[in-house]
Amino acid sequence: MKILFYGTASYDKDSFTKELKDYPDVKIDFTETNLTPMTAPLARGYDAVCAFVNADCGAMTLEILSGFGVKLVLMRCAGFDAVNVEVAKDLGMKVTRVPAYSPEAIAEHAMGLALCANRRIHKGYIRVRENNFDLTGLVGVTLHGKTAGIIGTGRIGAALCRICKGFGMYVIGADLYPNQKLIDEEHVVDEYVEIKDGKVDYDSLYSRADLISLHAFLNEESYHMINDDSISKMKDGVIFVNTARGALVDSNALIRGIRAGKIGAAGLDVYEEENANVYQDREDEILGSSITARFCSFPNVVMTSHQAFFTKEALGEIARVTLDNAQAFAHGTDFVPRSVVC
């Protein structure tokens, strides 16, 4: 089994090479080049390709890969919205993902963004570095006793529920497809937590929550679920966090909400216009009036670049699940549960 890994950084090489000793039938070559229709021909002679969330696995890319005999696309991430699944099915290609590599890592990062944006920790750090010890403009709110609204109650949402409970918050969870069994098994539901059907109760969450964190899947129903209308229903000064998918949020509507004071603080690990920036070093470029520059101009906004998953534990799990799936494909055995996209 020969696999070409696209878009790899040093930490990808380190984590996969560390695990590769347990997979003697798998051979990996790494390239820093990302997967696009232009770079797909590099996979000539390989059985499979491995890509990350910022790859272009659209129809043209898949058709080129299939033409070169590639039968397996390994996504080393949980989301697969970068893949044209219907085309992959038509071409007879197998697509897998890593369904849950570290829910706690993402939930912890979400709370970190909320705390940093709310208490202006990033601004305070910069001031102290410049010998400015003034506190003007750095006031936040105490989270204890407040209400957290978790949109998306899967494993990541459940992990954040537990964190918010530890802060002494009351938690409302809403999901288009509530996974009550999972929540019960995780011992999250008690007198401090409500789990609601998002089809009817998003409005209730918007109006009650002091902190709103997104952990929903991106699909036609959830696209731009955070927009001018939903923001208008939120509390004034709400803390807003997105570590899920950028297109869940209309960026311009969020900017209007920040300017109007409806959004009191925002922590963003993802945003809709991020693709050109994800994992790229653009320090020498002037971003001008880009969405990124506009968000960064606000003192109450904290941004990271698709970093929420990024822990040693998560990288190890990503490597193991991806290689397990590659080996399963080669041997005709069962794939990792919940990892098969098509």
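Helices here are DSSP runs of H or I with at least four residues, strands are E runs of at least two, and both are numbered from the N terminus. You're looking at a predicted model, where local features need pLDDT of at least 70, side-chain atom pairs count only at pLDDT 80 or more, and totals for chains, interfaces and linings use all residues. Residues are numbered from 1 along each chain as its sequence is written, and side-chain values use heavy atoms, leaving out hydrogens and water.

**Stop one: two helices.** Select residues 10–20 (helix H1) and 312–331 (helix H12): they pack at about 55°, axes 9 Å apart. Axes are lines fitted to C-alpha atoms, for helices over the stretch in contact, and angles run from 0 to 180 degrees between N-to-C directions. Now show the side chains: the contact (heavy atoms within 4.5 Å) includes Tyr 11 and Phe 16 of H1, and Leu 315 and Ile 318 of H12.

**Stop two: the open sheet.** Next, pick out the 5 strands in the order S2-S1-S3-S4-S5, paired in parallel; two strands pair if DSSP finds at least two bridges between them. S2 (27–30) and S5 (94–96) sit at the edges with a single partner strand each, so one side of each has no neighbour in the sheet. From one strand to the next, the twist averages 20°. Zoom in on S4 (72–75), which 3 bridges join to S5; Leu 74 has Thr 96 as its bridge partner there. Bring H12 back: this helix packs on the sheet, and its direction makes about 165° with that of S4.

**Stop three: another parallel pair.** Finally, select S10 (238–242) and S11, joined by 5 bridges. Phe 240 stands opposite Ala 266 in S11.
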